[in-house]
Amino acid sequence: MTALSYDKFEVRKSLREKIRRAAARAISEGDPWKQYDIQSIPAERVVRHCYNPTTRQFVKDETIVKVEKKPFTHGAMRHCYRMKKMATPPQSASNHRFHSYGWSRALNYVAKCYLDDDGMPDTSREGSDAVLTDIILQYEAAHWSNEFNKSDPPRKIDFIRAYAMEFVDRPGKPMFAVERFISGSDSYGNGFLKHNTNSGYVDLETRRKTPQVFSAHSFYASHGERLVADIQGVGDLYTDPQVLSIDYRFGDGDLGPRGMALFFKTFRHCDMSDLLGIPIFPLSRNERRHQAKYDEDESTLSEESSLEELVKCKFQRLDFNRQKRKSVLMRPIDMNSEHKADTARRSNLSMISTTIRQSYAVQKSSKAVIHRSKSDVDEISNCLQLALNDAVFNHRTFHRFESGELKPRRFRTIESDDPIQEKAKSSRYLRSTAAPVKACPPMEISDQTRSNLGKVHYHLACLHGMDRFPEVVPTHEYNSIEDRPSHDIFSVIFHLSHAASLYNVPACLSLARARVGLDSSVSPLLKANVPIDFESSRDLCLRALNAQRSPAAGKVAAGCLLYQILEDEGNVGDTEKIRVLEDTLRQVNLSRKEAEIVREHAAKLYRGKAAGFHTGDKVEANYFMEGTYYPGTVVEVNEDEKTVVVKYDDDESTESLCVENVRSLEPPSELADHSGPLSDEEALGHVNIDEECLFEEYELMAKLAGLLEKVGRRSDAIELYQNGAELAMNSGKMQTANDLSMRAAELENLE
């Protein structure tokens, strides 16, 4: 017998023994719900909606359940009911003895429904969509847990499988979210725990590493497109997560890149994150100091712990979490602060040329300039230099030596007179210093990951700028509270610079404006604490124009600012100005196309879609049933909705296929009324004034036409004058339109 076969035999033997012991324990403990006599309740017919993550569609079937009429607990948003459902034996099963016991041995489930304004089960379309959204989020999180487990972490994790049940014989056909009832505690003796939230809270009482590292791993495994937060459950079996997406596509609790920023602001890198190849997310000096302070005094990290001790029922805690998703930055629309509107009013974009010329002698307000030591000045200088260079991901980023070996981490021990606290710290120390068996290779940092990391850094800068983290501001440097700034401007500059190094266009624009003495929507303190440097501003604008994975609207604003800087400095030739204006007008055309795509998508969401495919859906189809899927578009749906005709993108051929061989490339249809993708402007509910253009399109055309006229390209200049005149007339600028038309006519006469 080989060593390999011996190992497999031992593993199987150990697994069978664990299953036997678990079954024996379950039988000895009996049914925890026996006293409620649920089996005597009349059965009800339900339609079960099971989500298929491969096709991203719901599959329906019918079954029967027994559920209590009154909820056994409730939260602010949902009622929870005890329910029993008999497990369906697989068709290949030869032993059905267990299923002959009937309802007395049926499995225990928890059925949860949303409440309407009257406290009754919500039977509206919105209520059903909310349940289906929860199911999709559970499966989305389960997918990333599988990716996490592939890395062979010290402890593997899983999410409870859930599905929706529609009670078709009840008035209104209410929809319930259903999942297995889980009781007991983990190996540390803990029951139901919440480990983190989508608003940055991290549990420091038990200080489990696995949940936090999983959240970070999900971000990098998805190339920055997803981050699974709101990790809660028993042991490493989790439930009711919230998935954050870079484009806000997962409902009300999806805070997008700002939720991701809140997570990384509080995430502590550890030996496990090093082991799995997760890169270090850089934090500013004051942010690191703040984390270190809470390492010494963990009880001061969050007031949420004391609040949640008042909520004893784990199902009430689930709703408590959901409510907090909609408060204190829970909804992206609620992230505005009053001073952002003030900043918008103060920033006079129409006077930028005058502002730039006068900025050399600009007098900063004493209230805006904060106390700065030499190290602070050096930190700002280093950050601004970083903004002009590409971000580097090397062995230091992954906390490793050049050879690839892991660097050891130092752990601080804190003595305490409390023996219980000392025991907990000792347990955490043993877990944190355990030597890993093997290290995973560093996770891939793709171009997409870089782009999304830039968004996260930018939004973390915005959160600092809107006074989200006043505790980060050092207190010892100011004589009184009145002297303290409302937020840490050093962290704002730090994260804007990191975002700019990753070619984030809004960050480049914010720093470029500050470098020429203009206000920025990110922070009212930015202009006064960043030195004037026209050359750096010009380089930042060029960096924005060269960004590969950003919407065109921001690039148009960068092009306008860059042209104005070149015009005011007066030491650049016409050829360079022509190139900038041509690039900017190309971005204008591209932004128009992007806006049309957004409008089409919004119209599609407004119309809404029932379950299944519809004409025009973007899909992948199993070409001639060969197992290879190719992209295409649904051009026809049969009346039974079980067969569709797909037109392939590559050769425009068509094929009729059953829906099981077609996969959607769009957000699940059940999320049509709530899902993204959304832009920051749509999700946050306000316009970023940094991205407002200095010139209208017809003004850009007129400026470019004048330059082309000077270099002898008259025919191109005539066309631009004519097009500009038409746009000016459509904008109601009749005098401008007349001037441009006359200039075009004069040039035509010279031809």
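## Acidic loop and surface patch

In this predicted model, D649 is found in the loop that runs between β16 (643-648) and β17 (654-658). D649 has a relative accessible area of 44% and is therefore partly exposed, and together with D650, D651 and E652 it forms a negative surface patch.

## Salt bridges

A search of the whole structure finds 33 salt bridges. One of them joins D129 to R125, with the closest N and O atoms 3.0 Å apart; both residues lie in helix α2 (residues 125-150), where a separation of 4 residues corresponds to about one turn of the helix. D129 is buried at a relative accessible area of 2%, whereas R125 is partly exposed at 41%.

R592 forms a salt bridge with E697, the closest N and O atoms being 2.5 Å apart; because R592 lies in helix α19 and E697 in helix α21 (residues 697-710), the pair ties together parts that are 105 residues apart in sequence. R592 counts as partly exposed at 40% relative accessibility, while E697 counts as buried at 17%.

Strand β9 pairs with β11 (residues 232-234) in the antiparallel sense over 3 bridges, and the bridge partner of F192 in β11 is V234.

Notes:
Residues numbered from 1 in each chain as written. Predicted model: local features only at pLDDT ≥ 70, side-chain atom pairs only at ≥ 80, totals over all residues. Heavy atoms only, no water. Pairing = 2+ DSSP bridges. Helix = DSSP H or I, 4+ residues; strand = E, 2+ residues; numbered from the N terminus. Patch = residues over 30% accessible without salt bridge, like charges linked within 9 Å, V, L, I, M, F, W, Y side chains within 5 Å. Areas by Shrake-Rupley, 256 points an atom, 1.4 Å probe, with all protein chains shown as cover. Salt bridge = Lys/Arg side-chain N within 4 Å of Asp/Glu carboxyl O. Lys, Arg positive; Asp, Glu negative; His and termini not counted. Charge placed at Lys NZ, Arg CZ, Asp CG, Glu CD. Buried < 20%, exposed > 50% of the residue type's maximum accessible area, 1.4 Å probe, protein only.
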